[in-house]
Amino acid sequence: MNTSMSDAFSQVTAWENLLDAYRKAALGKRGRESTARFEHQLADRLLALQDELRQFRYRPGAYHHFQIHDPKQRLISAAPFRDRVVHHALCNVIEPRFENRFIFDSYANRLGKGTHRAVARLQHFARRYRYVLRLDIVKHFPSIDHAILRHILAQVIPEDDMLWLVDKILESGAGVLSDEYTMVWFPGDDLFAALRPRGLPIGNLTSQFWSNCYLDPVDHFVKRELRCAAYLRYVDDFALFSGSK
């Protein structure tokens, strides 16, 4: 690893960005023990984190796992608070790059979008078209292929030090959802496909954001190749509208 930092990585590790990342990570969680521990001697902890990142010594901690029902059962993997600060610091810098590439009608985990606007758009299309094809992806987060995801990310994140941090976060979540995924074979897969790391921890900010990056090529395929003008996606739920079956 070249120890000189790119401009982008300097932005990630800048004091102002780390402080902003802490505030975002703490939003709505100020009463939790993990947040309070980090908040104690906050400046020292942020400076230590900054030093680890700039010296390329940063290593993510272990996840805390628990089940929720919303309404279907999901395994949530919560990263330590300091790692969530790093996730926000990274996303602060890379999100604008991808935002310019996303289609208008992708609604999850994007500023100015969200559930309510997705529902409003769905109702708008439903009034205009007779038919809708509703789809979702089976075991979306457990099935995300790290090699494919990293290739997509590297097309927009060329900096080696930025990709080093991406890799650290990706590696930290490898295997956390392995029990949730049964291998599905696709044309072109070789015998080693089953050995490729898969799965993003449900609960990470980076997982939510990278999910959009991962499915962005699908969005453009539907819009450009299938020429479906009335289409929207929320996480892994899709709706394609048309006047004919």
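These are my notebook entries on a predicted model, taken one region at a time.

**Ground rules.** Local features need pLDDT of at least 70 in this predicted model, side-chain atom pairs count only at pLDDT 80 or more, and totals for chains, interfaces and linings use all residues. Residue numbers start from 1 along each chain as its sequence is written, and side-chain values use heavy atoms, with hydrogens and water left out.

Next I looked up which residues of helix 2 are buried (under 20% relative accessible area; exposed is over 50%, partly exposed in between, with a 1.4 Å probe and protein chains only). I noted N17, L18, L19, A21, Y22, A25 and A26. An α-helix has 3.6 residues a turn, so residues three or four places apart point the same way. The buried set of helix 2 packs against helix 1 (7–13), helix 3 (33–39), helix 4 (42–54) and helix 5 (81–99), where contact means heavy atoms within 4.5 Å. Just past the end of helix 2, I found G28 with a positive phi of about 75°.

D51 counts as partly exposed because its relative accessibility is 36%.

F56 sits in the loop between helix 4 and strand 1 (64–69). It counts as buried because its relative accessibility is 10%.

N109, also not a glycine, has a positive phi of about 55°. Its loop runs between helix 5 and helix 6 (115–128).

I then followed strand 5 (residues 237–242), which pairs with strand 3 (residues 131–136) in the antiparallel sense over 6 bridges; two strands pair if DSSP finds at least two bridges between them. I have D136 down as the bridge partner of D237 in strand 5. Strand 4 (residues 231–234) also runs antiparallel to strand 5, joined by 4 bridges. There I noted Y231 with L240 as bridge partner, and R233 standing opposite F238.

The hairpin of strand 4 and strand 5 has 2 residues between the strands, and V235 takes a positive phi near 55°. D236 is in the loop between these strands too. D236 is buried because its relative accessible area is 12%. Which residues does D236 touch, not counting those up to four places away in sequence? I listed L135, D136, I137, H140 and L215.

P201 is in the loop between helix 9 (160–172) and helix 10. With a relative accessible area of 3%, P201 is therefore buried. Its C-alpha atom is separated by 5.8 Å from that of G173, 28 residues apart along the chain. Leaving out residues up to four places away in sequence, P201 touches Y63, S77, G173, V176 and S207.

Last, I looked at the largest pocket, with a volume of about 560 Å³. On a 1 Å grid over the protein atoms alone, a pocket is an open set of points with protein on both sides within 12 Å along at least five of seven lines, and lining residues have an atom within 4 Å of a point. I count 21 lining residues, with I137, S143, Y181, F186 and Y214 nearest the centre. Helix 7 (140–143), helix 8 (146–154) and helix 10 (205–225) each supply at least two residues of the lining. Which helix gives the most? Helix 10 does, with 3 residues.

Conventions. 1 Å grid on protein atoms, 1.4 Å probe; cavity = no way out; pocket = protein on both sides within 12 Å on 5 of 7 lines; lining within 4 Å. Points joined across faces, edges and corners; volume = space filled by probe spheres on them.
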